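Please examine the model shown below, with attention to its side-chain interactions and its surface. The report that follows takes up these topics in turn.

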Amino acid sequence: MSIASPCIEICKFDGKTGFCIGCMRTRDECKSWKKMKDKHRRKIIEDRPRREHMLKK
């Protein structure tokens, strides 16, 4: 079963980190999500706490 997109339809990107403030993905990750293998998607999802921490700095 495919890993669902973490998008919550906020789609505002932080200028410093490049992460979307809603789903914590980069623009490139958002654009290529449908083409990604689940292994790569899982890594992005698992990296969310680190990305949130970077965004709060």
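## Aromatic rings and charge

The ring of Trp33 does, however, have the charged end of Arg25 over it, 4.9 Å from the ring centre; a charge sits over a ring if NZ of Lys or CZ of Arg is within 6 Å of the ring centre and within 35 degrees of the ring normal.

## Basis of the values

Residues are numbered from 1 along each chain as its sequence is written, and side-chain values use heavy atoms, with hydrogens and water left out. In this predicted model local features need pLDDT of at least 70 and side-chain atom pairs count only at pLDDT 80 or more, whereas totals for chains, interfaces and linings use all residues.

## Salt bridges

The count comes to five salt bridges, each defined as a side-chain nitrogen of Lys or Arg within 4 Å of a carboxyl oxygen of Asp or Glu. Asp47 takes part in a salt bridge with Arg50 (2.7 Å, N to O) and in another with Arg51, for which the closest N and O atoms are 2.8 Å apart. Asp47 counts as buried at 18% relative accessibility, while Arg50 is partly exposed at 44%; buried means under 20% relative accessible area, exposed over 50%, and partly exposed in between (1.4 Å probe, protein chains only).

Glu52 and Arg48 both lie in helix α3, four residues apart, about one turn of the helix. Salt bridges that share partners join Glu29, Asp47, Arg50 and Arg51 into one network. The side chains of Glu52 and Arg48 also meet in a salt bridge (3.0 Å, N to O), and the relative accessible areas are 26% for Glu52 and 27% for Arg48.

Arg51 is placed in helix α3 (residues 48-56), helices (H or I, at least four residues) and strands (E, at least two) being DSSP runs numbered from the N terminus. Arg51 is buried, with a relative accessible area of 7%. Neighbours within four places in sequence aside, the contacts of Arg51 (heavy atoms within 4.5 Å) are Phe19, Met24, Arg25, Thr26, Glu29 and Ile44.

## An exposed loop residue

Lys35, found in the loop between α1 and α2 (38-46), counts as exposed at 76% relative accessibility. The C-alpha atoms of Lys35 and Glu46 are separated by 18 Å, the two residues being 11 residues apart along the chain.
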